[in-house]
Amino acid sequence: MPTIVVDVMPKAELLDPQGKAVAGALARTGHTGFTGVRIGKRFELTVDGPVDDELRAGVKQIAEEILSNSVIEDVVGIHYVESNVELAEESLESAAEHADEGYVAPAGETH
Amino acid sequence: MRIGVITFPGSLDDRDAQRAVRLAGAEPVALWHGSHDLEGVDALILPGGFSYGDYLRCGAIASLSPIMSEVTDAANKGMPVLGICNGFQMLTEAHLLEGGLIRNDHGTFICRDQKLRVESSSTDWTTGFEQGQEITIPLKNGEGGFIASEETLDRLEGEGRVVFRYVDVNPNGSLRDIAGITNARGNVVGLMPHPEHAVEPGFGPDTAAAMRSGVDGLGFFTSVVRRALVEA
């Protein structure tokens with residue numbers, strides 16, 4: 001089942017109070033070295049049929065008119081994942097990355 | 001005069017708004033978001049609350065409600081429309097008012113009696129006030145920071161469409177201390193603070209005269225009622 005991923009971020013020039021709060025929490029917990037945090041949204045839309053030009057045009061429109069508000073946000077990406085397998089792989093990779101976070105790599109080891 | 005108050009899933013202040021309408025001498029008409037019928041009302045109020053749990057963006061899903069197509073048509077034909085708090089957010093999402101509302105700059109919900117300056121007494125909802133008059137009504141929001149591009153802000157100011165400005169304290173980081181604005185015609189007004197909570201002695205903000213005696217919000221509703229009488 002094809003999945004369409006739409007990423008929306010608050011406009012770069014605007015204050016992002018959520019991101020600011022997270023940045024504060026990072027600093028308080030000793031995770032220094034980050035100069036900023038911004039929080040956006042990811043939408044995953046699934047469709048049954050093929051991804052054709054008509055669908056792409058429709059997605060662009062709803063991304064700009066409904067999923068985001070151009071006064072306060074920007075659509076920063078629309079991408080298409082062809083199958084559940086790909087999406088699952090993407091999640092697996094991300095899960096693997098998270099798993100690694102609990103593992104202290106010996107100096108010099110790279111991923 | 002009959003004033004419709006629209007209830008959306010998650011509206012909280014619809015009944016307070018109906019009460020304010022009654023105290024101002026008009027008949028409140030409860031309208032439902034899922035209908036396409038304005039039931040012949042003469043004015044509309046979009047009340048405060050947390051429609052759809054503020055999902056997506058505050059007011060965004062409610063602005064796509066069935067009744068909003070009739071609201072938009074009526075507003076464009078000149079019907080007085082007042083959006084309070086979540087209702088203001090809906091009006092911006094529906095493009096009936098410019099700008100947008102974002103999370104308070106300090107990141108927390110705020111609830112206080114807020115002093116405002118009436119910057120325009122020529123809208124349908126503010127003729128009962130003096131230009132420059134200071135009023136105090138409750139404010140309660142988590143996402144009340146008004147923002148717009150510099151160009152839009154300049155235009156709103158230049159055309160006299162900033163209706164209310166915060167005085168003493170800017171409670172949410174709104175640009176240029178803007179608390180409420182209107183459209184070009186002056187019939188659609190949106191603001192974050194809540195006039196419907198300051199309409200009856202004993203239940204309003206404290207004043208120098210007595211506790212909870214503030215009724216500065218009543219002027220919004222009596223303004224629109226008087227306007228209807230003048231036109232009749």
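Is B:Arg22 buried, exposed or partly exposed, and how many other C-beta atoms lie within 10 Å? In this predicted model, B:Arg22 is partly exposed, with 14 other C-beta atoms within 10 Å. A residue counts as buried at 20 or more such atoms and as exposed at 12 or fewer, so the value for B:Arg22 falls in between. B:Arg22 belongs to helix α1 of chain B. In sequence, 20 residues separate B:Arg22 from B:Arg2. In space, the C-alpha atoms of B:Arg22 and B:Arg2 are 9.6 Å apart.

Helix α1 of chain B comprises residues 14-23. The helix lies across four strands of chain B: β1, β2, β3 (43-46) and β4 (81-84). Relative to β1(B), helix α1 runs at about 175°. These strands are part of an open sheet of nine strands in chain B. Its order is β2-β1-β3-β4-β11-β10-β9-β6-β7, and the pairing is mixed. Strands β2 (27-32) and β7 (134-141) of chain B form the edges, each pairing on one side only. From one strand to the next, the twist averages 25°. Strand β1 of chain B covers residues 2-7 and runs parallel to β2(B), to which six bridges join it. Within this pairing, B:Val5 has B:Ala30 of β2(B) as its bridge partner.

Helix α5 of chain B also packs in this region. The buried residues of α5(B) pack against α1, β3 and β4 of chain B. They are B:Leu218, B:Gly219, B:Phe220, B:Phe221, B:Ser223, B:Val224 and B:Arg227. Helix α5 of chain B spans residues 218-231, a run of 14 residues. At 1.5 Å a residue, α5(B) should span 20 Å.

The largest nonpolar core contains 69 residues. Those with the most contacts inside the core are B:Ile3, B:Val21, B:Leu44, B:Ile45, B:Ile84, B:Leu91 and B:Leu191. Helix α2 (residues 67-76) of chain B supplies the largest share of this core, with five residues. The surroundings of B:Leu191 can be listed. Apart from neighbours within four places in sequence, B:Leu191 is in contact with B:Ile84, B:Phe88, B:Val163, B:Phe164, B:Ala179 and B:Gly180.

Chain A has 111 residues, of which buried residues make up 10%. The chain holds three helices and three strands. From the N terminus on, these elements run β-α-β-α-β-α. Among contacts in chain A between residues at least 6 apart in sequence, 66% join residues at least 24 apart.

The strands of chain A form an open sheet of three strands, in the order β2-β1-β3, with antiparallel pairing. Strands β2 (41-46) and β3 (73-81) of chain A each have a single partner strand, so one side of each is left without a neighbour in the sheet. On average, neighbouring strands of this sheet are turned by 20° against each other, direction ignored. Six bridges link strand β1 (residues 3-10) of chain A with β2(A) in the antiparallel sense. Helix α2 (residues 53-67) of chain A lies across β1, β2 and β3 of chain A. The angle of this helix to β3(A) is about 145°.

The two chains touch. Nine residues of chain A are in contact with 13 residues of chain B. On the chain A side, six of the residues are nonpolar, two are polar and one is charged.

Conventions:
Residues are numbered from 1 along each chain as its sequence is written. Chains are lettered from A and ligands numbered from 1 in the order in which they are written. This is a predicted model: local features need pLDDT of at least 70, side-chain atom pairs count only at pLDDT 80 or more; totals for chains, interfaces and linings use all residues. Two residues are in contact if their C-beta atoms, placed from the backbone, lie within 7 Å. Ala, Val, Leu, Ile, Met, Phe, Trp, Tyr, Cys and Pro count as nonpolar, Asp, Glu, Lys and Arg as charged, and the others, Gly among them, as polar. A nonpolar core is a set of buried Ala, Val, Leu, Ile, Met, Phe, Trp, Tyr and Cys residues joined through C-beta atoms within 7 Å. Helices (H or I, at least four residues) and strands (E, at least two) are DSSP runs, numbered from the N terminus. Two strands pair if DSSP finds at least two bridges between them. Axes are lines fitted to C-alpha atoms, for helices over the stretch in contact, and angles run from 0 to 180 degrees between N-to-C directions. The expected span of a helix is 1.5 Å times one less than its number of residues.
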